[in-house]
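Here are my notes on the model, as numbered points. Please read them with the structure open.

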Amino acid sequence: MNSLSSILCFSSFTHGRYEDALVLLLTEVLNRIQFRYNQAQLEELDDETLDDDQQTEWQRYLRQSLEVVAKVMELLPTHAFSTLFPVLQDNLEVYLGLQQFVVTSGTGHRLNITAENDCRRLHCSLRDLSSLLQAVGRLAEYFIGDVFAARFNDALTVVERLVKVTLYGSQIKLYNIETAVPSVLKPDLTDVHAQSLAALQAYSHWLAQFYSEVHRQNPEQFISLVSTALEAITPLISSKVQEKLLLSACHLLVSLATTVRPVFLIRIPAVQKVFNRITDTSAQRLPDKAQVLVCRALSNVLLLPWPNLPESEQQWAVRSTNHASLISALTREYRHLKSSAILPQRKVRLEDTKVIIHQTLSVLEDIVESISGESTKSRQICYQSLQESVQVSLALFPAFIHQSDVTDEMLSFFLTLFQGLRVQMGVPFTEQIIQTFLNMFTREQLAESILHEGSTGCHVVEKFLKILQVVVQEPGQVFKPFLPSIISLCMEQVYPIIAERSSPDVKAELFELLFRVLHHNWRYFFKSTVLASVQRGIAEEQMENEAQFSAIMQAFGQSFLQPDIHLFKQNLFYLETLNTKQKLYHKKIFRTTMLFQFVNVLLQVLVHKSHDLLQEEIGIAIYNMASVDFDSFYSAFLTEFLASCDGVDSNQKNVLGRNFKMDRDLPSFTQNVHRLVNDLRYYRLCNDSLPPGTVKL
């Protein structure tokens, strides 16, 4: 396929001369993905085993083929469409014609196609239709933007066809029908229905553009398309429908609510039916993924601003009331947990409670995440609706502190809140949340969580640290009073537990938090005076909280002595960033007490070859540190470093020192560093291979 792509790249310049060849190529690729023409080869492709990209061999083959189809569409849109659409039509006719073979049986409906040869032909046709629907979906991007008007009729033909097919599938319920070969035909029928919904979803951006073009004049055609699509979706939103089909319907509903956002969506009976179903406590709950998607769609219908309308016509008051009712219905059981949180939980009761917590928080977290980048008004309404549930979550948190699976979900929810709605939550309540967490995460609790490495407990601590990262980055003075407690938690409670353990994920989050503390709160450590800023480089900034700063730097230094290369790379990047932005290496405390300790550690790392992949980054960092005081580096540090090196004699140390030229530019300096390291290793290797006593070390 790569060679095909390269042919196509070349042809983009000269496609006038190659039109016939490209159309021929397209026809051949379409034939190769159809069982009708290429059954023997396609049946050899594995469609069960997933590779590293979570694709089967068949899916990979189809995806690569569709990329070629898309490339031809980009170069020759008219030819590509007129080649593909008739092929799709042929297969659609077979599918739409199945209705005449549906007969009523004792247990329901049956497909009256039983001859083995007919079943095999139907199987091939359905597989091909599924692939061609994916091809049509892949081409959706070539009908929008500047070419919308020019290619409108072709796109409208496709979308009308897709709407018709999805409605047909939902109305005659082919996915629930009895067949002669259920293990083959039933999955085929389900897949075609799912792919028709997915192909229609791919045209949601086209529908959005259609809406913006016609919303003021004769939008009847648009309204008809959206209403019919929703009629196709509604019957599928049921726990009795196969999950693949259910999820395709849910994703299409989310796209209509989020991307297209027509003002009339809420008034369509099909949407009101979904509202009623999802808020009816007696109805059987959908599987988790589907429930989350449907709730996101319904929330977005009420929260997202309608396109093409001014602020005064957004009807925020009514939508706010409706959103509050929706969230109230979705969280009814959850909010009732607050009163029982203080009581000791019986085993059975605890499991039921955990289910309610999981189901509710997964929905709420998704709703917040989906509007976190939206307008202030949308976020305000969202938080008003969620406020009680957020307070319940905080009240429940201490009761479940020893249930790491529950605290993990709660912290996920709070992290999403902090990232998306922190302004709406307000300062007093945010302070209350942070204080509650700081009180709950005692040294003992942190140890209990972290010591089960790779466990949910570790995830809990990681998420807690992520929340604190959001807090310390907040501009202004609001959360500054928490800095001492946050640094103390990091350095006195978390760090001692993980310092000598691998705990890679917790360490990565801890050091990111420490970096954020320094980067966003530099003045907590270095008070800048007006005089200092006028006489930059002459006056020293006043140092505060020196002990905490030194402890943080020491932790960074220790991390360079450990084998975790990812942590090493991350932390080296953090130090270099602090130097670029805040002149870290030039600060008096760093220059006089830490600079050459860091240089020493980094040189030792190069000598021991423990992090060879980072040679270049380490060399540059050593240069940036040494360049702060080249005189001391050459006159004192280098001599002391060589004196402390074991495995080489004094004569060899002198040679190493003499060979290190006193260059002050980056390329020459790093070259000297790598030569020193290689020569030192070479001398040690030679000395080790000689009989004992030959060299006086």
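1. The largest cavity has a volume of about 60 Å³. A cavity here is a set of points, on a 1 Å grid over the protein atoms alone, where a 1.4 Å probe fits but cannot get out. Grid points are joined across faces, edges and corners, and the volume is the space filled by probe spheres set on the points. Searching the whole structure gives 5 cavities of 30 Å³ or more.

2. A word on the source. This is a predicted model: local features need pLDDT of at least 70, side-chain atom pairs count only at pLDDT 80 or more, and totals for chains, interfaces and linings use all residues. Residues are numbered from 1 along each chain as its sequence is written, and side-chain values use heavy atoms, with hydrogens and water left out.

3. Which residues line the largest cavity? They are Ala257, Arg261, Pro262, Val263, Leu265, Ile266, Asn300, Val301, Leu304, Trp306 and Arg319. Lining residues have an atom within 4 Å of a point. By class, this lining has 8 nonpolar, 1 polar and 2 charged residues. Ala, Val, Leu, Ile, Met, Phe, Trp, Tyr, Cys and Pro count as nonpolar; Asp, Glu, Lys and Arg count as charged; the others, Gly among them, are polar.

4. Now the open space. The largest pocket holds about 940 Å³. A pocket is an open set with protein on both sides within 12 Å along at least five of seven lines. Its lining has 30 residues, and Gln59, Gln134, Asp191, Gln195 and Lys244 lie nearest the centre. Two or more lining residues come from each of helices H2 (35–44), H3 (57–75), H5 (116–138), H7 (182–202) and H10 (243–260). Helices are DSSP runs (H or I, at least four residues), numbered from the N terminus. H5 gives the most, with 8 residues. The lining divides into 12 nonpolar, 9 polar and 9 charged residues.

5. The second largest pocket has about 420 Å³ of space. Of its 18 lining residues, Thr281, Arg285, Gln291, Leu330 and Glu333 are the closest to its centre. Helices H11 (269–279), H13 (316–330), H14 (332–340) and H15 (347–371) each give two or more residues to this lining. H15 gives the most, with 5. By class there are 7 nonpolar, 6 polar and 5 charged residues.

6. Please look at H30 (residues 630–644). Its 15 residues should span 21 Å at 1.5 Å a residue, and its end C-alpha atoms are 20 Å apart, which agrees. The expected span is 1.5 Å times one less than the number of residues. H30 has a kink of about 40°, centred on Phe637. The bend is the angle between axes fitted to the seven residues ending at a residue and the seven starting there. Phe637 is also among the buried residues of H30, including Phe630, Phe633 and Tyr634. Buried means under 20% relative accessible area (1.4 Å probe, protein chains only). Helices H28 (595–608), H29 (615–626), H31 (650–659) and H32 (666–689) are among what covers these buried residues.

7. Thr416 sits in H17 (residues 404–425). Is Thr416 buried or exposed? Thr416 is buried, at a relative accessible area of 7%. Neighbours within four places in sequence aside, Thr416 is in contact (heavy atoms within 4.5 Å) with Glu365, Val368, Glu369 and Leu421.

Methods:
Buried < 20%, exposed > 50% of the residue type's maximum accessible area, 1.4 Å probe, protein only.
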